[in-house]
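I opened this notebook to record what I looked up in one protein model. The entries follow the order in which I consulted the structure.

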Amino acid sequence: MASSAPATPRGSFPRFLEHLSGSGKAIGVLTSGGDAQGMNAAVRAVVRMGIYVGAKVYFIYEGYQGMVDGGSNIVEANWESVSSILQVGGTIIGSARCKAFRTREGRLQAASNLIQRGITNLCVIGGDGSLTGANIFRKEWSELLEELAKNGKISQEAVQKYSYLNVVGMVGSIDNDFCGTDMTIGTDSALHRIMEVVDAIMTTAQSHQRTFVLEVMGRHCGYLALVSALACGADWVFLPESPPEEGWEENMCVKLSENRARKKRLNIIIVAEGAIDTQNNPISSEKIKDLVVTQLGFDTRVTILGHVQRGGTPSAFDRILASRMGVEAVVALLEATPDTPACVVSLSGNQAVRLPLVECVQMTQDVQKAMDERRFKDAVRLRGRSFEGNLNIYKRLAIKLPDDQIQKSNCNVAVVNVGAPAAGMNAAVRSAVRVGIADGHKMLAIYDGFDGFAKGKIKEIGWSDVGGWTGQGGSILGTKRVLPGKFLEEIAGQMRAHSINALLIIGGFEAYSGAIMMADARNSHEEFCIPVCVLPATISNNVPGTDISIGSDTSLDVVVETCDRIKQSASGTKRRVFIIETMGGYCGYLANMGGLAAGADAAYIFEEPFDIRDLQSNVEHLTEKMKTTIQRGLVLRNESCSENYTTDFIYQLYSEEGKGVFDCRKNVLGHMQQGGVPSPFDRNFGTKISARAMQWITSKLKESHSKGKKCVTDDCICVLGISKRDVLFQPVAELKKETDFEHRIPKEQWWLKLRPLMKILAKYKASYDVSDSGQLEPVQPRSIQGEPATI
């Protein structure tokens with residue numbers, strides 16, 4: 001596995017973090033407050049990255065309580081200490097509430113315990129209370145040291161040597177209640193637990209025509225309730241930040257009755273545990289149930305999820321997020337100076353950023369203050385762009401205005417799925433249809449891709465037709481890999497016959513290629529002179545113009561879950577290495593990111609050429625590993641990474657070279673990576689990105705109608721995607737220059753910058769590019785190009 005660093009994007013100067021660049025530093029890592037899935041992945045990343053750069057890393061068991069108690073609660077960690085914890089929920093180093101740390105005496109004792117071990121760098125994984133405590137501790141540090149010296153506990157030399165404390169926070173909270181980050185560690189996994197319950201409830205509710213009231217966690221934050229409602233198409237949702245308007249009881253009952261009248265067999269109502277009305281009075285799930293039973297007579301049940309949401313295995317998203325944040329936290333500690341304020345490592349779009357801890361905590365507290373003072377619009381705004389965007393889209397998709405109140409656009413907008421099926425496609429279609437209808441368009445569904453388009457498999461699709469689509473995998477509209485090249489004449493004819501004014505193409509590389517063909521054919525077929533938007537939806541994540549495609553998260557979950565099971569199967573076996581083949585064509589996204597999330601020892605991908613020397617080096621690496629207490633190995637191989645180094649070849653090579661040390665097993669995951677129900681991320685992402693695509697289509701149609709012109713410019717046929725922090729519409733004509741058409745991949749891929757992380761966390765030497773790191777940013781971002789990406 002070659003260790004060359006990936007190319008740095010044009011216009012930036014690479015800054016590489018080298019092996020042992022932080023020698024002599026001591027880092028303490030603790031988890032505090034409520035536990036969250038993914039905390040262990042963050043702890044693992046901090047420990048291994050810290051050791052890699054030459055620092056000593058200490059576990060601080062039981063949070064701040066362990067820091068105050070000292071002794072055996074503060075223990076130096078080694079590489080093996082964090083082996084096999086990626087897939088474990090909760091936190092292996094424990095978490096506890098600590099009254100003593102709230103007092104000065106407690107903090108004095110904690111400082112004494114840290115000084116004994118030379119720890120002047122703290123990595124705190126917890127909620128806003130935990131991070132606030134860390135910041136108070138940092139501010140008092142020099143005074144605490146002077147007092148310890150005065151009391152004869154430490155020398156003046158120690159006061160000089162350990163004169164300042166650096167603090168970096170990571171937010172571990174399933175509620176996603178911390179301002180400044182799009183996602184906190186544990187939120188995605190909690191959503192997995194909720195959606196598993198919702199999917200199970202839906203089948204029983206449909207059988208009996210029942211109404212279910214589902215209560216989810218979120219005492220002060222309604223994020224889990226809101227995203228769950230968005231991801232399952234709930235009829236009604238109750239949030240602390242956005243209470244229902246006066247008279248909500250009658251409005252909700254009318255809505256439920258209308259849905260039943262449209263032949264909907266079940267109703268789902270989602271309630272955050274901290275739900276309130278506009279007078280700040282609590283709205284309980286029992287109160288809602290009694291209302292539905294009394295007013296409508298519907299058979300109604302209440303399900304309270306409780307701590308189930310905190311449990312279980314962390315999702316692939318949370319493992320990758322926590323690993324990225326853990327590494328970024330160590331880099332931030334290495335770069336910190338006495339004047340560096342305490343910071344929080346956050347997620348903005350698809351980029352890790354550092355924000356001032358004090359500002360983030362202040363804004364989080366401002367939300368609660370706004371709610372207490374019944375300034376609910378301010379509370380929603382302060383929650384951030386992600387929350388506000390989710391709420392607006394939920395309202396748009398959940399409530400249909402009467403037909404006579406919708407201003408008709410007299411435009412026909414068609415939706416087609418192209419390429420291989422990807423989880424989340426149906427959520428994207430549902431969102432497009434409902435937003436289109438709300439905008440006054442007539443929505444047309446094209447069945448069976450471009451092939452069906454040419455054959456005229458086109459029907460009008462209505463609001464109710466897409467009910468219940470969010471949780472269904474595959475493609476209900478049908479999809480084929482056929483490109484439009486041979487059928488351009490027939491497709492143009494169908495567009496003419498059905499008066500299609502705009503087209504939304506949801507799919508993978510074939511969808512992108514098809515849009516290019518249509519763009520190129522505009523001179524000969526004026527029917528193609530319309531707004532066309534491509535929504536990348538493919539498990540391979542190989543479409544230029546976006547960092548993330550619909551379907552790739554679900555597929556990653558399958559890869560990681562399978563790796564977990566395979567590794568577990570060897571728990572009673574000594575010294576075994578598993579070689580697993582993933583899909584993705586020539587794109588190594590699944591193999592690389594799956595390797596990062598599953599804790600692989602190596603991942604072979606097409607984008608990073610390797611030879612027999614690299615294979616030999618990996619075998620030797622695993623042989624050394626087997627001499628430790630870690631006696632399992634995991635190797636991922638992208639299906640098209642090499643013509644000659646096939647999965648069988650690698651399996652046979654490892655088997656031969658590992659004789660007497662370890663034995664091998666191989667597994668080809670195959671099409672199971674395309675199947676299954678979509679993950680919460682893909683349901684939510686597909687829903688939001690599709691709604692944004694329809695807004696763009698509507699604005700383009702208004703623009704062309706007002707000017708009386710056809711769409712002939714490059715910016716009329718675009719790919720919609722996420723690029724770092726922005727949502728961008730990029731013309732396919734421009735993206736062609738950035739595409740390797742032979743191998744069906746973009747020429748530059750963002751995730752290659754994360755490749756060294758997988759190697760470092762697997763104990764290989766690699767240079768990690770930190771060009772994007774280093775600057776502390778304000779919580780409210782300055783205006784940036786494009787519009788903010790919210791994941």
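**Entry 1. Conventions.** I worked on a predicted model, in which local features need pLDDT of at least 70 and side-chain atom pairs count only at pLDDT 80 or more, while totals for chains, interfaces and linings use all residues. I numbered residues from 1 along each chain as its sequence is written, and side-chain values use heavy atoms, with hydrogens and water left out. Helices (H or I, at least four residues) and strands (E, at least two) are DSSP runs, numbered from the N terminus.

**Entry 2. The sheet.** I looked up the strand order and found 7 strands in an open sheet, β4-β3-β2-β5-β6-β11-β12, with mixed pairing; two strands pair if DSSP finds at least two bridges between them. β4 and β12 (351-356) stand at the edges with a single partner strand each, so one side of each has no neighbour in the sheet. From one strand to the next, the twist averages 25 degrees; axes are lines fitted to C-alpha atoms, for helices over the stretch in contact, and angles run from 0 to 180 degrees between N-to-C directions.

Entry 3. β2 (residues 26-31) and β3 pair in the parallel sense over 4 bridges. Of the 5 residues of β3, 4 are buried, so the strand is largely enclosed by the rest of the structure. Here buried means under 20% relative accessible area, exposed over 50%, and partly exposed in between (1.4 Å probe, protein chains only).

**Entry 4. Helix α1.** I found that β2, α1 (residues 39-52) and β3 make a right-handed β-α-β unit. Right-handed here means that, with the strands pointing away from the viewer, the path from the first strand over the helix to the second runs clockwise. α1 lies across β2, β3, β5 (121-126) and β6 (166-171), and runs at about 175 degrees to β2.

**Entry 5. Strand β5.** β2 and β5 run parallel, joined by 5 bridges, and valine 29 has cysteine 123 in β5 as its bridge partner. β5 and β6 pair in the parallel sense over 6 bridges, with leucine 122 opposite valine 167 in β6.

Entry 6. The bridge partner of leucine 347 is alanine 352 in β12.

**Entry 7. Helix α8.** I looked up which residues of α8 are buried and found Trp248, Met252, Cys253, Lys255, Leu256, Asn259 and Arg260. Seen down the axis of α8, these buried residues fall within an arc of 160 degrees, so they line one face of the helix; the arc is that of the directions from the helix axis to the C-beta atoms. The face turned away from the buried side of α8 carries the exposed residues Glu250 and Ala261. Among the elements covering the buried residues of α8 are β7 (211-216), β9 (267-272) and α13 (385-398); contact means heavy atoms within 4.5 Å. Lysine 263, which follows α8, has a positive phi, near 75 degrees.
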